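Have the model open while you read, and follow the points in order.

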Amino acid sequence: MVEVRKGTRGKEIIIEENPLSRWLFSNTNSAWIWLILRLYIGYTWLTAGFGKVTSDAWTGENAGTALGGYMSGVMETAADGVVAGWYATFLESVVIPNAVVFSYMVAWGELLIGFGLIVGLLTGIAAFFGALMNMSFLLAGTVSSNPVMLVIAMLLVLGWKVAGWYGMDRWALPKLGTPWQVKRKG
């Protein structure tokens, strides 16, 4: 059934959701699936981040060294056309000159994404930033596990309402609300 109604900012098209999508993305009975995916990808991010946060070449006295070395390899492959031209320009003009800052961002970002996914706190937001990092690695030409992690992160973003049910989101989301909720006066 398709319904068109006038909204506050134009027409709204309401299409009834199919039962599988409704169950996966809105029913807490599907939360165990999201828990398995969250723990898998969260552990992967947490261990990668912990390794970087405790590494001198990422966040210590020599911060930026590891990222600089990685970027050198990426720029070599960019010359072969493996990396998109616009992304190579971004890396060359923004990331490489600020390698120390980006080194801290990557290390702590991975750790925080992993923590958020494992404990189920702000799961959709953590998954979004995980997907953003996976996409960045893919654009830099690093395949590895990034495609699988990107797909899982995108699914977690879609399932944000129930993905953290077996986690802190069960209590945090009702307290925090959502940006589009209208607060009712007393």
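1. Start with Arg5, which stands opposite Glu12 in strand S2. Keep in mind as you look that this is a predicted model.

2. The link from S1 to S2 is a hairpin of two residues.

3. Is S2 well covered or hardly covered? Strand S2 covers residues 10–15, and the number of buried residues among these six is zero, so it is hardly covered by the definition of buried as under 20% relative accessible area.

4. Now move to the helices. Helix H2 (residues 31–53) packs with helix H8 (residues 146–158) at an angle of about 130°, and their axes are 10 Å apart. That angle makes H2 oblique to H8. The two helices cross in a left-handed way.

5. Who makes that contact? On the H2 side you'll find Trp34, Leu37, Arg38, Tyr40, Ile41, Thr44 and Trp45, and on the H8 side Met149, Ile152, Ala153, Leu155 and Leu156. Sorted by class, the residues of the H2 contact with H8 come to 10 nonpolar, one polar and one charged.

6. Next, look at helix H6 (residues 99–119) and helix H7 (residues 123–139). Their axes come within 9 Å and cross at roughly 140°, which makes H6 oblique to H7. H6 passes H7 in a left-handed crossing.

7. Which residues of H6 and H7 meet? From H6 there are Val106, Gly109, Glu110, Ile113, Gly116 and Leu117; facing them from H7 are Thr123, Ala126, Ala127, Phe129, Gly130, Met133 and Phe137. The contact of H6 with H7 counts eight nonpolar residues, four polar and one charged.

8. Finally, see what surrounds Thr123. Setting aside neighbours within four places in sequence, Thr123 is in contact with Arg38, Leu117, Ala163, Gly164 and Asp169. Two of these names have come up already: Leu117 is on the H6 side of the meeting with H7, and Arg38 is on the H2 side of the contact with H8.

Technical notes
Residues numbered from 1 in each chain as written. Predicted model: local features only at pLDDT ≥ 70, side-chain atom pairs only at ≥ 80, totals over all residues. Heavy atoms only, no water. Axes fitted to C-alpha atoms, helices over the stretch in contact; angles between N-to-C directions. Helix = DSSP H or I, 4+ residues; strand = E, 2+ residues; numbered from the N terminus. Parallel < 35°, antiparallel > 145°, perpendicular 65-115°, else oblique. Left-handed = near helix turned anticlockwise from the far one by under 90°. Contact = heavy atoms within 4.5 Å. Nonpolar A, V, L, I, M, F, W, Y, C, P; charged D, E, K, R; others polar. Buried < 20%, exposed > 50% of the residue type's maximum accessible area, 1.4 Å probe, protein only. Pairing = 2+ DSSP bridges.
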